[in-house]
Amino acid sequence: IWSQLESRIQELQDRLQAEEREKNTLLSSNRKLERKAKEITIQLEDERLQVNDQKDQLNLRVKALKRQLDEAEEEIERLEGLRKKTLRELEEQHEINEQLQARVKTLEKDTWRKNVRPKADSSLHDDDDLSSDGEFDRNYDPSSIKSLLAEIGRA
């Protein structure tokens, strides 16, 4: 019986040692997994912070781009207003130019008529003006439109 008990004790001790080794192996694996889980948690937190930083930077970029867009739209509106004003002024200048050209033609005709009349006839009408309103009373060189325009500009 004694040898059976010793054999049984030995068997239990072997089994205990095997279970201790298995326990140590499991504890070691558990520690490794916990370290790995902690590393992954830290990595995830870092990535979350990076994503938040990138999101914040993108939000700032979007705000800056919106502000630039608003400024560009305002500039376009300002330039469009200037363009319309310039077009109105150009139209006014065309009208004035047409009026001046008509006036120049009238003055050229009046000057031509005055120069064509005989000298005797023109001496009878020395007080005639080149224009009907009397604002141009100097002699003009009919070949020079510049002199006419200069005179009109002074009037």
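A contact here means that heavy atoms lie within 4.5 Å. The model is predicted, so that local features need pLDDT of at least 70 and side-chain atom pairs count only at pLDDT 80 or more, whereas totals for chains, interfaces and linings use all residues. Residues are numbered from 1 along each chain as its sequence is written, and side-chain values use heavy atoms, with hydrogens and water left out.

**View 1. The protein chain as a whole.** Three helices and zero strands make up the secondary structure (DSSP runs, H or I of at least four residues for helices and E of at least two for strands, numbered from the N terminus), and their order from the N terminus is α-α-α. Among contacts with a separation of 6 or more, 50% join residues 24 or more positions apart. The chain exposes about 13,800 Å², of which carbon and sulfur atoms supply 53%; accessible areas come from the Shrake-Rupley method with a 1.4 Å probe, and for residues only the protein chains shown count as cover.

**View 2. Helix 1 and its buried residues.** Helix 1 covers residues 2–116, and its 115 residues reach 165 Å from the first C-alpha to the last, close to the 171 Å expected at 1.5 Å a residue (1.5 Å times one less than the number of residues). Its buried residues are Ala64, Arg103, Val104, Leu107 and Thr111, where buried means under 20% relative accessible area, exposed over 50%, and partly exposed in between (1.4 Å probe, protein chains only). Of the 155 residues of the chain, 8% count as buried.

**View 3. The segment before helix 1.** Ile1 lies in this segment and is exposed, with a relative accessible area of 76%.
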